[in-house]
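Dear colleague,

Please find the structure below, handed over for your files.

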Amino acid sequence: MKACIMRDILAVFPVEYMHRNPEKMIPFPAFLFIGLIIMALLLFAMLRYMTNMPGDPYAGTHQSLSSDEEFLKTQLEEHVFILSYTIGERNIWHYERLVTAANYIERVFRNLGYDVAKQEYQTEKVPVWNIAAEIPGSSRPEEIILVGAHYDSVIGSPGANDNASGVAALLEMARLMKMTNPSRTIRFVAFVNEEPPFFHTGDMGSRRYSSFVRARNENILAMFSLETIGWYSDMQGSQKYPFPLSWFYPATGNFLAFVGNIPSRSLVHRAIGVFRAKTAFPSEGISAPGWITGIDWSDHWSFWEEGYPAVMVTDTALFRYDFYHTAQDTYEKLNYRSMAQAVWGISNVVKDLSGSDRLH
């Protein structure tokens, strides 16, 4: 090993040059220090590339809810209550409850006037379903904006924030968008089996679905995964991050986060730019390699695997919410006022991307 290092050094600084110009040689400690400085600058530049977003995050006071947002708040709380309290823990090990949750989602879609498509497959020798509804595009129906959320909960948890909050947002976005006239198709999908032990496996519902749409060569321009979006706090120190992201983001957990990988950077920028322009609610964004902790922790990962641009929309889950994946993840803990503002803003993003002419 030492011989290899010496050979590399001599390749850069030939012996003859070292003998003839000793005064021009950089001492090794100084050379090492300069190398560390260069590496630090490169790291900082990479992090700025990942975290720099268009527009400025909202930093004003809490805005009063409009009458439409007040109704949205009530609806979101009702969906979360039914999924996490009335139904409760819902997964393969509580199969009847999982089926009840699937039936509830299908019924809400149908009551809104949607046709429903179900993708069925077998897990642990029982049938499970992804549930989809869509608004066909008027002029570019082959171009699809997909919004998804998983409806299962982790073992041992009623899953109010993770992820009844995301499903509630999905259902209410379907209601808000129903009377729009989008140029592109808007598709809403409730995914099964996001939680362990299915996470990042072939039995993950969104992984089945992303493989299905890729096999059909569907043109999904954007996928948004609504993941754990119900908890917000104005308390200093309520937000944490994996190192070294705390250098770039606030310590107050009152914002909605848009999270994508590097290939999805333009989608992250478009989404957060629209959100900030139209919504008086704090927001942050990142476009980073998927190996960074938390970046791929939802159904958007499945669409990355098929080469589709995809973004997770989240309150950052365990980096803010102390009850993540516990029996204490219950409906009364969520901030439905903030959640309503966030969902209204996400709906505006989908409206913009789909070319809709009005929100309701």
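This is a predicted model, in which local features need pLDDT of at least 70, side-chain atom pairs count only at pLDDT 80 or more, and totals for chains, interfaces and linings use all residues. Residues are numbered from 1 along each chain as its sequence is written, and side-chain values use heavy atoms, with hydrogens and water left out.

Salt bridges

Side chains of opposite charge can pair when their charged atoms come close. A salt bridge is taken here as a side-chain nitrogen of Lys or Arg within 4 Å of a carboxyl oxygen of Asp or Glu. The count by this rule is 13 salt bridges.

One of them links glutamate 134 to arginine 187, with 2.8 Å from N to O. Glutamate 134 belongs to strand 2 (residues 126–135) and arginine 187 to strand 4 (residues 184–191), so this pair ties together parts that are 53 residues apart in sequence. Helices (H or I, at least four residues) and strands (E, at least two) are DSSP runs, numbered from the N terminus.

For accessibility, buried means under 20% relative accessible area, exposed over 50%, and partly exposed in between, with a 1.4 Å probe and protein chains only. Glutamate 134 is partly exposed at 33%, whereas arginine 187 is buried at 8%.

A further salt bridge joins glutamate 218 and arginine 216, whose closest N and O atoms are 2.8 Å apart. Here glutamate 218 is buried, with a relative accessible area of 11%, while arginine 216 is exposed at 52%. Through shared partners, salt bridges connect Glu134, Arg187, Arg216 and Glu218 in one network.

Aspartate 203 and arginine 208 also form a salt bridge, with 2.9 Å between the closest N and O atoms. Both partners are partly exposed: aspartate 203 at 26% and arginine 208 at 30%.

Strand 6 (residues 256–260) runs parallel to strand 7 and is joined to it by five bridges; two strands pair if DSSP finds at least two bridges between them. Valine 259 stands opposite isoleucine 286 of strand 7. Between strand 6 and strand 7 the chain passes through helix 8 (residues 265–278), in a right-handed β-α-β crossover. Right-handed means that, with the strands pointing away from the viewer, the path from the first strand over the helix to the second runs clockwise.

Yours sincerely
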